[in-house]
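Colleague: Could we go through this model together? I'd like to begin with the overall fold and then move on to some side chains.

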Amino acid sequence: MAPESPAQAPGPRYFTWDEVAQRSGREKEKWLVIDRKVYDISEFVRRHPGGSRVISHYAGQDASEPFAAFHINQGLVRKYLNTLLIGELAPDQPTLEPNKNKALLEEFRELRANVERMGLLKANPVFFLLHLLHILLMDVAAWLTLWFFGTSLVPFLLCAVLLSAVQAQAGWLQHDFGHLSVFPTPAWNHLLHQFVMGQLKGAPASWWNHLHFQHHAKPNCFRKDPDVNMHPLFFALGKVLSVELGKQKKKYMPYNHQHKYFFLIGPPALLPLYFQWYIFYFVVQRKKWVDLAWMLTFYVRISFTYIPLLGVSGFLGLFLLVRFLESNWFVWVTQMNHIPMHIDRDQNKDWVSLQLQATCNVHKSAFNDWFSGHLNFQIEHHLFPTMPRHNYHKVAPLVQSLCAKHGVTYTSKPLFVAFADIVHSLRESGQLWLDAYLHQ
């Protein structure tokens, strides 16, 4: 008798884009696509190291580009992905969703491959070491200013300015570690991220990850980017959402005056009046005890170094002044690249188009690079979030050429024009809201 033939292995399950789109999480089930493979992330979202929301924002969509952009250890991550694999796109399904710019995205993938071959995703450790040293030197100089010159008004204010620079520059440095831009392995980046964020700034690294990765995944997408979720409670943002808000006859604030009250509740208030208390709520509510321990080392250190010189009341005054100055610095720099750009709900655009419509650059100069932590190259940072910042200017001409070839707007402007555009865009969207509110 002839031996029985071995059982045929079951073939892969095939899905259409429509079937994937239906699993966007609204009915709890979440699927996404990476390189034509379909993954069920319904349960995995709670264990996702980058946070549940950032991966959920791509439920029902193609996540190939953000997957490549955010992970520096893709081989290892793909091993974990295999446990979530449920099938692949049917052979008759296009590689990209119908609303994606295929030609642009294919050329961007070639550009990314060239960027890797050129070594532009590899960091220069000396650059980041020198940056850390200059932060520490300013920190020491701030204390020495009070110790040597006394606590009168001029040295007090000079100390506050130096400490504000420490906080701002430490903020840009933690941003580098948070994006895994410094070390070739995630572990060292995570450790230094906790040190800089916790010991030098007194804030939790996990809180930054929770918010910032969502921003990069879906920049300027309402309800997906936390940075624009101030709409509509405080501001009417973007031309589309402002008109929509006006047509609905909603008036949480006098938005037609938002370009004025921005100067009161925006730059001066964000850090001292909101973030300062919310970071403690965040770590306790989410039980991030390691982050809390790092944060406490910061508050113990500054208390023991400044209270003997200033007393408790003087120390609290210095601390609030530093947070006030840092808040102004932080808000103007982080919002100049995004608030004047297109803001809307998620339209599921391709990676390149999404990033370019939501970001703009500020011209390169030694001061602009330092002042903004190289976030004046916001376009390049958003397209290549793990790229070390000292390489942004090298890839910028390549990105400009790509945009010019495909007719995609690449915006770069002077620093103070970028600041002014924040106010201009708020005034414009506030007026659009008012017109729709009164005349619809």
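This is a predicted model: local features need pLDDT of at least 70, side-chain atom pairs count only at pLDDT 80 or more; totals for chains, interfaces and linings use all residues.

Colleague: What about the radius of gyration, against that of a compact globule?
Modeller: For 440 residues a compact globule would have a radius of gyration near 22 Å, and the protein has 24 Å, which agrees. Its C-alpha trace spans about 100 × 65 × 45 Å along the principal axes.

Colleague: What percentage of the residues count as buried, and what does the accessible surface come to?
Modeller: Of the 440 residues, 53% count as buried, while the accessible surface comes to about 21200 Å², with 64% of that area belonging to carbon and sulfur atoms.

Colleague: Switching to charges, how far apart are the mean positions of the positive and negative ones?
Modeller: There are 41 positive and 32 negative charges, and their mean positions are 5 Å apart.

Colleague: Now Gln214: where does it lie, and is it buried or exposed?
Modeller: Gln214 lies in helix H9, which covers residues 205–217, and it counts as buried because its relative accessibility is 4%, under the 20% cut-off.

Colleague: Which residues does Gln214 touch, leaving out those up to four places away in sequence?
Modeller: Gln214 touches Arg53, Val54 and His57, and also Lys224, Asp225 and Pro226.

Colleague: On to the aromatics, how many pairs does the structure hold?
Modeller: The structure holds 36 aromatic pairs. In one of them, the rings of Trp208 and Phe213 have centres 5.7 Å apart and planes at 75 degrees, so that pair is edge-to-face.

Colleague: Are those two buried or exposed?
Modeller: Trp208 is buried, with a relative accessible area of 9%, and Phe213 is buried as well, at 17%. Another edge-to-face pair is formed by Phe298 and Tyr299, whose ring centres are 4.8 Å apart with the planes at 85 degrees. Phe298 counts as buried at 3% relative accessibility, and Tyr299 also counts as buried, at 15%.

Colleague: Which residues form the aromatic cluster that includes Trp207?
Modeller: Trp207 forms one aromatic cluster with Tyr274, Phe275, Trp277, Tyr278, Tyr281 and Phe282.

Notes. Residues are numbered from 1 along each chain as its sequence is written. Side-chain values use heavy atoms; hydrogens and water are left out. Helices (H or I, at least four residues) and strands (E, at least two) are DSSP runs, numbered from the N terminus. Buried means under 20% relative accessible area, exposed over 50%, partly exposed in between (1.4 Å probe, protein chains only). Contact means heavy atoms within 4.5 Å. The radius of gyration is taken over C-alpha atoms; the globule rule is 2.2 Å times the number of residues to the power 0.38. Accessible areas come from the Shrake-Rupley method with a 1.4 Å probe; for residues, only the protein chains shown count as cover. Lys and Arg count as positive and Asp and Glu as negative; His and the chain ends are not counted. The place of a charge is taken as NZ of Lys, CZ of Arg, CG of Asp or CD of Glu. Rings of Phe, Tyr and Trp (its six-membered ring) pair if their centres lie within 6.5 Å; planes under 30 degrees apart count as stacked, over 60 as edge-to-face and the rest as tilted.
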